[in-house]
Amino acid sequence: MLDEEAKQEQEQEQEFQWFTDSDQRTDFFESGYNEKFEEINGFFDQFESQYSEMKQLDDSRNKRARKSGLTDTTAPANIVPVGSDNVSPSQAATGSGQQRRLWVKDRSKDWWDKCNHPDFPDEEFKRAFRMSKATFNMVCEELEPAVMKKNTMLRDAIPVRQRVAVCIWRLATGEPLRMVSKRFGLGISTCHKLVLEVSAAIKTVLMPKFVQWPDEIKTKRIKQEFESATGIPNVGGSIYTTHIPIIAPKASVAAYFNKKHTERNQKTSYSITLQGVTDQNGAFTDVCIGWPGSMSDDQVLEKSAFYQRATRGYLRDVWVVGNKGYPLMDRVLVPYSHQNLTWAQHAFNEKIGEIEKVAKEAFARLKGRWSCLQKRTEMKLQDLPNVLGACCVLHNICEMRNETMDPELKFELFDDEVVPENNIRSPAAAQARDHIAHNLLHHGGRTTSAGFL
C-alpha cells in the first residue's frame with residue numbers, strides 16, 4: 001500500500017510539472033505573438049502616414065498646376081505629353097485622367113532660323129560657315145542618309161541642316177560649346193554629340209569621295225602643272241606636317257609633349273600630328289592623322305599609308321616634294337640641307353621651295369578656315385581623328401568648289417622642321433636630285449625626265 005501511494009504521488013507530481021511547462025510555453029508564444037503584432041501594426045501605421053504625406057504632396061502639386069494654367073488646353077510648347085494613353089499608373093488608379101508631361105527647357109533658335117532663311121545674305125552665311133549656301137546644301141544632301149534621325153513620341157528630331165550647321169560652326173569658329181548652345185537653341189551635351197556624330201559621318205561618307213590619291217589621268221595633269229611652274233618633272237604632290245594643340249592626356253603624356261612649341265611659346269605644349277599630301281591646287285590627296293606630337297616629320301612619314309605605298313612600289317614615276325624635315329628617299333624629293341651650296345644646288349632649292357609652299361599654304365588655309373585647329377579643345381583624344389578628318393574633307397570641298405577665304409582668317413604657320421640625322425636614305429635618289437639640279441642650272445631653268453629615279 002505504501003508503494004502504491006508513493007507511485008500515485010510521483011505520477012501526480014509529473015502531471016503537475018507537465019501542466020506547468022505547458023503554461024510557460026503558452027505564455028512565451030503569446031508574448032512573442034503580441035510583440036510581432038505590435039511591430040507589424042507600427043510598420044503599417046508608418047507606411048500609412050508616409051502614403052498620406054505623398055498624397056498630400058501630389059494634391060498640392062496638382063493644385064499649383066491648375067492655378068498656373070498648366071492643365072489648360074493652351075499649354076505652352078515646352079510641355080510635351082508622354083505615353084500613348086497619357087495617363088500614369090497612379091492617375092489611372094484614381095481615375096483623374098491627368099496627362100503625364102515632359103519638361104523641356106525653352107531655348108531661342110532665332111539666330112539659326114535667321115541664318116537658315118532663304119533671304120539670308122550669302123556673304124554673311126559664308127562668313128559664318130566658311131562656305132557658300134550652295135556648298136552647304138551639297139554637304140547636307142550628301143550627309144542626309146547618315147545623320148538624319150526619326151521623330152519620336154517625346155519630341156521631333158533635329159533637322160539635318162541644323163545638325164550639319166552645328167558641326168560646321170563649331171569647326172569654323174572653335175567657340176565653346178556653351179556659345180554654340182546659345183546660338184542654335186540646343187543643349188550643351190546635344191551640341192557636343194552632334195559635332196562628334198556629324199564629324200564621323202563626314203569622315204566616313206565624304207572622305208572616300210573627296211580625299212583620294214589621284215588616278216593616272218589626274219596624276220599626269222598634276223605633273224604637267226608642277227613642271228610648267230617650276231621646271232621639275234614628275235612631281236605628283238607636296239607634303240607637309242603640322243601639329244594640332246591638345247590638352248595634356250592622362251596616359252602617355254611624354255609621347256604628346258611638343259618640344260618645339262614649348263620652346264617657342266615658353267609654355268608647356270602637347271599636340272598630335274597631321275600630315276598631308278596636296279596637289280597643285282592645295283587639295284589633300286592623302287592624310288595621316290593622330291600620331292603623337294613628340295614624333296618628328298620623318299617618323300610620322302614612316303607611319304603613313306603614303307610611305308607604305310611608296311616602299312612597296314605602288315607609286316611609279318612620281319616625286320612628292322617635302323621640306324628639310326623629311327629624308328631624301330625613293331619617291332620623296334627634298335632640298336639640300338648642307339652648307340656652302342653650289343649654284344646648281346641653290347637654284348634647285350629655290351624651285352623646290354615653290355612646290356613646298358603649295359602644301360604649306362594649304363595647311364595655313366586649313367587652319368584659317370577651321371579655327372578649332374588653332375586652339376586646344378576639350379574633346380577626347382580618341383575623337384580628334386574624326387574631327388581632323390572632317391576638317392580636311394571640308395577643306396577639299398571648299399578648294400574644289402573655288403570657295404575663296406576671307407583674308408582676315410589668314411593663319412601663319414611656323415616651321416618646326418628638324419633635319420633628320422640620316423637625311424639621305426637612298427643614294428639613287430641623291431643622284432637623281434643632283435641630275436635635276438644640274439639640268440635646272442644649265443638648261444634655262446628646265447630639266448628632263450631623265451633626272452627621275
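Which side chain does Arg163 meet in a salt bridge? Select Glu197: its side chain and that of Arg163 are 3.7 Å apart, N to O. A salt bridge here is a side-chain nitrogen of Lys or Arg within 4 Å of a carboxyl oxygen of Asp or Glu. Arg163 sits in helix H6 (residues 160–173) and Glu197 in helix H8, 34 residues apart in the chain. Arg163 is buried, with a relative accessible area of 8%, while Glu197 is partly exposed at 29%. (Buried means under 20% relative accessible area, exposed over 50%, partly exposed in between, with a 1.4 Å probe and protein chains only.)

Before moving on, remember that this is a predicted model: local features need pLDDT of at least 70, side-chain atom pairs count only at pLDDT 80 or more, and totals for chains, interfaces and linings use all residues. Residues are numbered from 1 along each chain as its sequence is written, and side-chain values use heavy atoms, with hydrogens and water left out.

Now zoom out and colour by secondary structure. Of the protein's 453 residues, 42% count as buried.

**Stay with H8**

Helix H8 spans residues 188–210, and Lys209 is in it. Show Glu142 as well: the two side chains form a salt bridge at 2.8 Å, N to O. Glu142 belongs to helix H5 (residues 133–147), 67 residues away from Lys209. Glu142 is partly exposed, at 26% relative accessible area.

**On to Lys126**

Select Lys126 and Glu403, another salt bridge, with the closest N and O atoms 3.5 Å apart. This one ties helix H4 (residues 122–129) to the loop between H14 and helix H15 (427–442), across 277 residues of chain. Lys126 is buried at 18%, and so is Glu403, at 9%. The whole structure has ten salt bridges; for a network of them, pick Asp298, Glu302 and Arg425.

**Into the core**

Next, click Phe129. Together with Trp370, Phe129 touches the most other members of the largest nonpolar core, which has 65 residues. (Such a core is a set of buried Ala, Val, Leu, Ile, Met, Phe, Trp, Tyr and Cys residues joined through side-chain atoms within 4.5 Å.) Helix H14 (residues 384–400) gives the most to this core, ten residues. Finish at the second, separate core of 32 residues, including Phe226, Leu301, Ala344 and Ala429.

Technical notes
Helix = DSSP H or I, 4+ residues; strand = E, 2+ residues; numbered from the N terminus.
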